[in-house]
Amino acid sequence: MKAATDTPVALELKYDAAGLIPAICQDDATGDILMLGYMNREAVVRTLDSGTVWFYSRSRQELWNKGSTSGNYLRVVDLVADCDRDALLVKVNPAGPTCHTGARSCFHNPFNR
């Protein structure tokens, strides 16, 4: 993975009116979708520079490094923009459960029809 200083990727993305872009985190080994978060330009740069995932919290209005409290960091394997450059896929190696509930993935609430 290239460092943010090696690529203008953070500047080439299409952020929404609030300056955010959705970022889907996927387990690189299994392909499982782990979570969805939002990044601003600074979160993208910090993610590229640090090798761990950073998000922008819409509720707290601040940056946060996923795992800084729990130790369950998401180590970045690859960062890919979609065709319109308005969404990101972050392929990661999780260091533990991703969801704040302790579940492996945040997507564990099926709708039964």
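**Close-up views of cysteines and pockets**

**View 1. Cys-25 is a buried cysteine.** Cys-25 has a relative accessible area of 0%, so it counts as buried. The model is predicted. A disulfide is a covalent bond between the sulfur atoms of two cysteines. Cys-25 is in no disulfide. The nearest cysteine sulfur belongs to Cys-106 and is 8.9 Å away.

**View 2. Cys-99 is buried and in no disulfide.** Its relative accessibility is 7%. For Cys-99, the nearest cysteine sulfur is that of Cys-106, 3.9 Å away.

**View 3. The largest pocket has a volume of about 330 Å³.** Lining it are 19 residues. The closest to its centre are Trp-64, Lys-66, Thr-98, Cys-99 and His-100. Strand 2 (33–39) and strand 4 (62–65) each give two or more residues to the lining. By class, the lining has seven nonpolar, eleven polar and one charged residues.

**View 4. The second largest pocket holds about 180 Å³ of space.** Its lining includes Met-35, Leu-36, Gly-37 and Tyr-38. Phe-55, Tyr-56, Ser-57, Arg-58, Ser-59, Arg-60 and Trp-64 also line this pocket. Two elements give two or more residues here: strand 2 and strand 3 (54–57). Strand 2 gives the most, with four residues. Six lining residues are nonpolar, three are polar and two are charged.

How values were computed
Residues are numbered from 1 along each chain as its sequence is written. This is a predicted model: local features need pLDDT of at least 70, side-chain atom pairs count only at pLDDT 80 or more; totals for chains, interfaces and linings use all residues. Side-chain values use heavy atoms; hydrogens and water are left out. On a 1 Å grid over the protein atoms alone, a cavity is a set of points where a 1.4 Å probe fits but cannot get out, and a pocket is an open set with protein on both sides within 12 Å along at least five of seven lines; lining residues have an atom within 4 Å of a point. Grid points are joined across faces, edges and corners, and a volume is the space filled by probe spheres set on the points. Ala, Val, Leu, Ile, Met, Phe, Trp, Tyr, Cys and Pro count as nonpolar, Asp, Glu, Lys and Arg as charged, and the others, Gly among them, as polar. A disulfide is a pair of cysteine sulfur atoms within 2.5 Å. Buried means under 20% relative accessible area, exposed over 50%, partly exposed in between (1.4 Å probe, protein chains only).
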